[in-house]
Amino acid sequence: IISTDEYKIMSDHLLEEQEMEAEALSAIFPDSIEIRSSSQPFVWAIKLVPIDTGGDVDLEERQNHVAVRLVATIPLNYPEEIGPELDIEILKGLAEEQRKILLDIALMTAEANMGMPSIFSCCEAIREWLFDNNIKGQDDGSMYAQMMRKAKEAEKSKILAVQQYESQKKVDEMTEAEKEEHEVRKRREEGTPVNDETFAAWKRQFEAEMAELQAQQRELAEKEALSSGKRSKVGLKRDDAAHSERLTGFEQFSGKAGALAMEALEKEAEEWEERFQNLDVDEELFDEEEDLDDLDFDDEEDSDYDEEDEELDI
């Protein structure tokens, strides 16, 4: 049992869906739709012709020999629970016989689209029939005209049956390779249906691929870690060797290394003394004595000495 509140919510939802469908139909058939009732139950009437001439009346009159109007009455619980109430009004070139045919086409289309908006689909099915039967004189109700129309319908049915037979014959005559290729193309066009079985198969394949990828990544990481460890050990050995060649503070100041040992110092002093004794000096450069009395060491301009410097020196 549906409560009042739930029924109101459902009604509001259906109302919104019906209004959206009316808005869409108005956009598709701007010059052909007529809103006969703007309150529930809505009534929409749509003029349908074989060839759309963009509103050109003269061109439409010359090219379209048949025309009808689809009248749809929209129930309150459409489209979820029931289909629309449909009727066909003849505008041009058709008789009652064709009207019934078109009504049957519209009703079958609406039933096939039960549970969803179906008015546009009904319009397209009717327009397709009008396009195939865009012939003058179909509104003639005489016995002769009816007989001729039935003959044409029979001829069309025969042609269609022949086409279907030829198509089936070609399929039957296909080789195994052609059949396989045909099935592949068909599967590509239709796609793979998603169900529990196909999803489970895809999941197994995906997990296997991910496991293989992770194993490759782990193997690569282990190789890099091993290579890095070897390089680190080589570096440590080099550092240990260099460290072993260094002198400790005790060795430097105890004389074991010789750098500060007395023997080394005496030897180095002797070498410097020999160097000074063997040094060539030009004594003429120092023969003339220069009078330093004329030098003024009290010149304030040349002196940078001040009281602040004196305090700093102290």
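**Note on the predicted model**

1. The protein chain has an accessible surface of about 25,100 Å², and carbon and sulfur atoms hold 52% of it. Areas follow the Shrake-Rupley method with a 1.4 Å probe, and for residues only the protein chains shown count as cover. The model is predicted: local features need pLDDT of at least 70, side-chain atom pairs count only at pLDDT 80 or more, and totals for chains, interfaces and linings use all residues. Side-chain values use heavy atoms, without hydrogens and water, and residues are numbered from 1 along each chain as its sequence is written.

2. Of the 314 residues in the protein chain, 19% are buried (under 20% relative accessible area, 1.4 Å probe, protein chains only). Among contacts (heavy atoms within 4.5 Å) with a separation of 6 or more, 55% link residues 24 or more positions apart.

3. The protein chain holds ten helices and four strands. These are DSSP runs numbered from the N terminus: helices are H or I, at least four residues, and strands are E, at least two. Their pattern along the sequence is α-β-β-α-β-β-α-α-α-α-α-α-α-α.

4. The four strands form an open sheet in the order 1-2-3-4, with antiparallel pairing (pairing takes at least two DSSP bridges between two strands). Strand 1 (33–37) and strand 4 (85–92) are the edges, each pairing on one side only. From one strand to the next, the twist averages 20 degrees. Angles run from 0 to 180 degrees between N-to-C directions, with axes fitted to C-alpha atoms, for helices over the stretch in contact.

5. Strand 2 (residues 43–48) and strand 3 (residues 67–73) run antiparallel, joined by six bridges. W44 has A72 in strand 3 as its bridge partner. Helix 3 (residues 96–112) packs on the sheet and touches strand 3 and strand 4. Its direction makes about 145 degrees with that of strand 4.

How values were computed. Buried means under 20% relative accessible area, exposed over 50%, partly exposed in between (1.4 Å probe, protein chains only).
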